[in-house]
Amino acid sequence: MNNTVGIGIIGAGFMGMLHARALSQLADVRVLAASDPALKKAPQLPGHPDPIHLYSDHRELLENPNIQAVVIATPEDSHRQAVKDAAAAGKHILLEKPIATTLEDADAIIEAADKHKVKLMMAHLLRYDVRYAQIKAAVEEGVIGKPLVCYARRNAVVQEARRLGGRVEVEEYISVHDIDQIFWYFNDKAVKVSAEIAEGPVMKELGVHDFIWITIRFEHGGLAVVETGWGLSESIVKWQRPSSWGGFGDVCLELIGEKGSLYLDYRPMTLSAVDEEGWKFPDTLHWPEMHGEVVGDVLDEDRYFVGVVKGEREIISTARDGRNALEVVLAAQRSYREDKPIRL
Ligand SMILES: NC(=O)c1ccc[n+]([C@@H]2O[C@H](COP(=O)([O-])OP(=O)(O)OC[C@H]3O[C@@H](n4cnc5c(N)ncnc54)[C@H](O)[C@@H]3O)[C@@H](O)[C@H]2O)c1
């Protein structure tokens, strides 16, 4: 297929279809197929005359010789088998976060990609967000000196928790994003983790806690706090688009170093509106639509992945990065369950 990269989507739910759309907008990509046992009808991508091929089993998709790379966007606890099969079939992989929900699965994923020599890029979306990437660049350039403390908040609206129906805890689903950023900035080993949770309406409705605050101590003295939740009332942050649960919520980050500080504030996502229902803050950063196309971080991430597949780019969000973030998530869970700090 000359210089065109053939892509298959494993798990064509919310995130899988978002990647399918974004990738299909790239000139050097063909999104050829998807596999998803829940889909009855082959998905149709905007701007493309024919539906893509639909397989009910990802192993059939992996037999397609025109597919060089796959996006794995199945539920959090099912990544291991899909990665093992894709790697054995020689396909490069963009794997949605979190890498897995156990360290055993994460290790098996790393081993499978190494063994079959396929490229595995973690879809740690924020590394492909220009503002977070600028913070990284500033740290690398020494603008703030040695990072000392970092605080990251990401509080989502309750629709986000409802969409997932309690299948995953908020730290597995959301905190991993910020934990990964913090590792990226500190470039150090986490040695101690402690966490506290708060339970409210989300716990009553869905059986998962509403908020978590995680503290991470790094080997060379760095300290980070990650505050995450999905208990913001939907009336506070609402964006009325019938097919969308967008309008993320309350997101910020500060990184203070020995010589300076960096501040990121995503409230409101640079665009706001008010009507009879109250304030609305649409997503203008992660995957907004413009002129009928998906733009923002997800498009930049997918473009980067295609560069990786073609050998034009180095992977900057590795499976080991995914494992590091997961290790902190699991330690945080032990910490709140056992009510004590956990040494790594
Ligand atoms: N980067 C981000 O910002 C972001 C946002 C949302 C979700 N995610 C991640 O993306 C992944 C998918 O989440 P989602 O929200 O799209 O979930 P989803 O429930 O909308 O979609 C998952 C799909 O996978 C399908 N599936 C299950 N097992 C499968 C298998 N073996 N083969 C093929 N398909 C299978 C399901 O039928 C479902 O349609 C998760 O890891 C999630 O944490 C990332």
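**Exercise 1.** Which residues does the domain assignment of the protein chain give to domain 1 and domain 2?

*Solution.* The model is predicted, so that local features require pLDDT of at least 70 and side-chain atom pairs pLDDT 80 or more, while totals for chains, interfaces and linings use all residues. Residues are numbered from 1 along each chain as its sequence is written, and side-chain values use heavy atoms, without hydrogens and water. Domain 1 spans 5–118, and domain 2 comprises 126–291 + 323–343; such bounds come from an automatic or database domain assignment.

**Exercise 2.** State how many residues each domain brings to the contact, and how much area is buried.

*Solution.* The C-alpha centres of the two domains are 26 Å apart. In the contact (heavy atoms within 4.5 Å), domain 1 takes part with 16 residues and domain 2 with 14 residues. Buried area is the accessible area (1.4 Å probe) that two parts lose on being put together, summed over both. For domain 1 and domain 2 this is about 1300 Å², with 66% on carbon and sulfur atoms. F14, K97 and L103 supply 40% of the area that domain 1 buries against domain 2, more than any other three residues.
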